[in-house]
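Morning, everyone. Have the sequence and the model open, please. I'll keep this short.

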Amino acid sequence: MNEESDRKVVRGLKDVAAAETRISFVDPKGYLYYLGYNIDDLVGRVTYTEVAYLLIHKRLPNQQELDEFCTDLISEMKLPNAMVKCIWDTPGHVHPMDVLRTEVSRLGEYDIEYKDLSEAANMRRATRLIAQVPTIVATLHRSRMGQPVPAPRKDFGFAENFLYMFEGYPPKEDEADVLHRLLILHADHGFNASTFAARVTASTNADMYSAATSAIGTLRGPLHGGASEKVMEMLNDIGLEKYVDEYIQGLLDEKMKIMGFGHRVYMAEDPRTKHLRGIVENLCHQKRTLDLYNKCIKIEEIVHQRKNIYPNLDFYAAVAMDALGVPKEFFTPFFTSSRIAGWVAHTIEQYEDAVLLRPSSKYVGEFGRTFVPIEER
Ligand code: SDX
């Protein structure tokens, strides 16, 4: 009847390669590479700012380039006053991801060079987005506490400024170290759903703010970046470690998903997990909350035993962010504050690829229905 109805549907686009990319490689065997660097060689050895530079410039910076990039980022962190007011005026019940989605879209209104779609202008835009998304998150957090966000300090690095603006006090060295690791581990991840959404939007030659807004709406869902908040709810619901077995079995009996577990690509453990598990173990030692760490290990063991699946990024990231003092509704905004670097890198790569992403579908509806005018229906 129709050519499209003969098409084979690849449900969930599983294993479909939608485009070529040089930005990151998610190896199903359990490895992750940013521009060819194994993340294990980056975490703890570079700052998040170096990784953000790597993603958009496709190479690591030398010291001078890094210093300049850091200065640029810090000088771009300030938001227009009208935006700060909008953030303060947001009703308290609105989820921070909804505010972030709206405000990132609004950033586009303040782009004075919006008509310039050159590569150089897009690179400036990418830098501004990497700088301003964390400021939106920090401003919202401070406003919900009734406090203004402090201005970024030139004597702090970019990530340190994010934490300083979010918490309102200068971060300790070990907190900054945890933050860099967290941001690096969240920065990019192949054609995950939100990155794909950004690329689809960019493929129509829409602007970078539109691509970022699409991506934020996609990251928000609990099957993607929204999972971390659910992980924290589950950990709180479980209570003591001795209840883990019964709780997890209850979810599995109800055919419910265990949040923070499973992955579309990895057949082995997510390579980010060992770093995050280590961070959580250290933080729990410091804070004398080892019972929480032990509970996580127990959940891992039981879920692996019963479903043969591993924790994904969101499981231990939730616990690490909680230990940093981040309220759970700000977990996904924190994720966004890092992933924005990946999204803008992919948006630029998609512009270079210059092809419209427009799949087909298999029509399974009816044909030949007899039209009935409204007055006869
Ligand atoms: C992120 O893709 C990325 O790159 C994303 C991400 C990134 O960096 O951007 O890594 C970050 O978003 C991590 C994902 C966070 N989401 C969750 O933690 C939600 C819980 N997990 C899932 O629902 C699930 O594992 C997905 C969404 C992550 C992956 O889903 P798939 O590939 O569509 O797999 P599926 O749901 O079809 O599951 C396959 C099987 C099923 O069992 P069977 O029917 O074959 O017996 O595995 C089971 C599922 O029931 N399964 C789970 C499970 N995840 C998979 N069972 C219980 N709990 C789970 N979490």
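Which domains does the domain assignment give for the chain? It gives domain 1, written 18-223 + 327-353, and domain 2, written 227-323. Keep in mind that this is a predicted model.

Let's take the two domains together. Their centres, taken over C-alpha atoms, are separated by 26 Å. Domain 1 puts 27 residues into the contact, and domain 2 puts in 28 residues.

Now the area. The size of an interface is often given as the accessible area lost when the parts come together. Here, domain 1 and domain 2 bury about 2,200 Å² between them. Carbon and sulfur atoms carry 69% of that. Which three residues supply more than any others of the area that domain 1 buries against domain 2? They are L185, K328 and F331, and they supply 28% of it.

What about polar links? Seven residue pairs are in polar contact across the interface of domain 1 and domain 2, with both residues at pLDDT 80 or more. The count of salt bridges between the two domains is two. Elsewhere on my list is the salt bridge of D40 with K274. Find the closest N and O atoms of that pair: they are 3.2 Å apart.

Next, the ligand. Where does the ligand lie, and why? Domain 1 and domain 2 both give residues to the shell around the ligand, so it lies between them.

Who is in that shell? There are 23 residues around the ligand, and H189, H224, G260, R264 and R272 come nearest. By class, the shell has nine nonpolar residues, eight polar ones and six charged ones.

At R272, an N or O atom of the side chain is 2.7 Å from an oxygen atom of the ligand. At K257, a polar side-chain atom lies 3.2 Å from a ligand oxygen.

How much of the ligand does the protein bury? Taken alone, the ligand exposes 1,100 Å², and the protein buries 70% of that.

Definitions and conventions. Residues are numbered from 1 along each chain as its sequence is written. Side-chain values use heavy atoms; hydrogens and water are left out. A residue is near a molecule or strand if one of its heavy atoms lies within 4 Å of it. A polar contact is a pair of N or O atoms within 3.5 Å; within protein, one must be able to donate a hydrogen and the other to accept it, and residues adjacent in sequence count only if both atoms are side-chain atoms. Accessible areas come from the Shrake-Rupley method with a 1.4 Å probe; for residues, only the protein chains shown count as cover. Ala, Val, Leu, Ile, Met, Phe, Trp, Tyr, Cys and Pro count as nonpolar, Asp, Glu, Lys and Arg as charged, and the others, Gly among them, as polar. Domain bounds come from an automatic or database domain assignment. Contact means heavy atoms within 4.5 Å. Buried area is the accessible area (1.4 Å probe) that two parts lose on being put together, summed over both. A salt bridge is a side-chain nitrogen of Lys or Arg within 4 Å of a carboxyl oxygen of Asp or Glu.
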